[in-house]
Amino acid sequence: MFRCINCGAMHHDFHYICPRCGSALLFIGDRLLWKPEGVGVWRYRSMLPVERRVTMYEGGTPLIRRRDVKDEVYLKVEGNNPTGSFKDRGTSVVLSHALRDGVRTVAVASTGNMGASVAAYCAYANLTARVFLPADVPDEKVAQIRAYGACLVRVEGGFQEAVRRMKEEADKGVYLATTGLNPYFLEGLKTVAYEIFEEMGVPDTIIVPTGTGGLLTAIHKGFEELRSLGVADGTPRMVAAQAAAAAPIVEAWRSHAPLRPPEEAESIASAILVKEPYNGLSAIAAMRSSGGLGVEVEDDELISAVRELGKEGVFAEPSAAASLAAYHKIERPPGRTVLIVTGSGLKDPLAALGRS
Ligand SMILES: [Zn+2]
């Protein structure tokens, strides 16, 4: 079953978005079984909605305790995934679904990391990838996507325009893999929660760099599932860290007003620069139900956070350091905190040096 995050309608069959209102859908499993076996994302196959058809050993990323602070703070280093970001978890599940249906061509709109991930997995699975990218994606990410041999379409305008162009592909029988427009993607992402749980139980707080709201939604969903099965006895407080230049989720959480896209959005945090977050409503619901909050971070705070992580041996791209930057801005959370470090610094090395 699939549940709409906006109107709540339940749908039996797979759709990219809610046929009734056009919002994102969440997969609701009724045969979940907690039986971890093996490694990486597919260690949790009994909690996933599709059979494994393509994997490049995504997931199983390190959870490192910060050594230079007294508080219990852990880094979940997602840059260690095959293409350097957490997206590979979702891509493995989404493409496993696409292959089940005999798909040959996959389209994705992306701020860069998702495009690289889908391009790599398509190359490995012998599928054609069509990647729609906004004009301001860093050259390093473009180079990575090209290296995987994907068909690249540069789009004037931002991520929303790239999504609009990609949706036209659906009419041609092409499979759409974009975050927020494919509920299976979040099913892969939720394995972040399972890995954290297996290593440390339920932490008190998790801070997530947030663009579309998909990763935050998925981590919360993963913990909720463990709780519903009686495996975990609670869920962590979910904190969204957004770039101040584009923080519609944080603003809507704070004001209780509907999500409103910012007019202009410029920041070195290109990976989370999303004006219309497809999983915004579900992310805000997760923040509220878990007693969490939203934090905006400025570019200079991101650059400092990149340097601070570097001193501990972790190279993060500016967006990925948003979790640490946000940690410094909130009242010291009690107990144990996990900072999700979403992508490798090698994705966007010059911005990380403070030169955008
Ligand atoms: Zn709906």
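A residue is called buried if 20 or more other C-beta atoms lie within 10 Å of its own, exposed if 12 or fewer do, and partly exposed in between, with C-beta atoms placed from the backbone. The model is predicted: local features need pLDDT of at least 70 and side-chain atom pairs count only at pLDDT 80 or more, while totals for chains, interfaces and linings use all residues. Residue numbers start from 1 along each chain as its sequence is written.

View 1. Most residues other than glycine have a negative phi. Asn-126 is not a glycine, yet its phi is positive, about 65 degrees. It lies in the loop between α2 (113–125) and β7 (128–134); helices (H or I, at least four residues) and strands (E, at least two) are DSSP runs numbered from the N terminus. Asn-126 is exposed because 9 other C-beta atoms lie within 10 Å. Tyr-57, also not a glycine, has a positive phi of about 60 degrees. Its loop runs between β3 (25–27) and β4. Tyr-57 has 13 C-beta neighbours inside 10 Å and therefore counts as partly exposed.

**View 2. The open sheet of six strands.** The strand order is β4-β5-β13-β10-β11-β12, and the pairing is mixed. Its edge strands are β4 (63–65) and β12 (293–297), each of which pairs on one side only. On average, neighbouring strands are turned by 25 degrees against each other, direction ignored. Two strands are taken to pair if DSSP finds at least two bridges between them.

**View 3. Strand β13 and its two partners.** Strand β13 covers residues 337–341, and five of its five residues are buried. Thr-337, Leu-339 and Val-341 are buried on one side, and Val-338 and Ile-340 are buried on the other. In a regular strand the side chains alternate between the two faces of the sheet. Strand β5 (residues 73–77) pairs with β13 in the parallel sense over five bridges, and Tyr-74 stands opposite Val-338. Strand β10 (residues 205–209) also pairs with β13 in the parallel sense, over three bridges. Here Ile-206 has Val-338 as its bridge partner, and Ile-207 stands opposite Leu-339.

**View 4. Helix α7 and its surroundings.** Helix α7 (residues 214–228) has 15 residues and reaches 21 Å from its first C-alpha to its last. This is close to the expected 21 Å, where the expected span is 1.5 Å times one less than the number of residues. The helix is largely enclosed by the rest of the structure, because 12 of its 15 residues are buried. Among them are Gly-214, Leu-215, Leu-216, His-220, Lys-221, Phe-223 and Glu-225. Just after α7, Gly-230 takes a positive phi of about 80 degrees.

**View 5. Packing of α7 against α9.** Helix α9 spans residues 280–289; its axis is 8 Å from that of α7, and the two pack at an angle of about 50 degrees. This angle makes α7 oblique to α9. Angles under 35 degrees count as roughly parallel, over 145 as roughly antiparallel, 65 to 115 as roughly perpendicular and the rest as oblique. Axes are lines fitted to C-alpha atoms, for helices over the stretch in contact, and angles run from 0 to 180 degrees between N-to-C directions.
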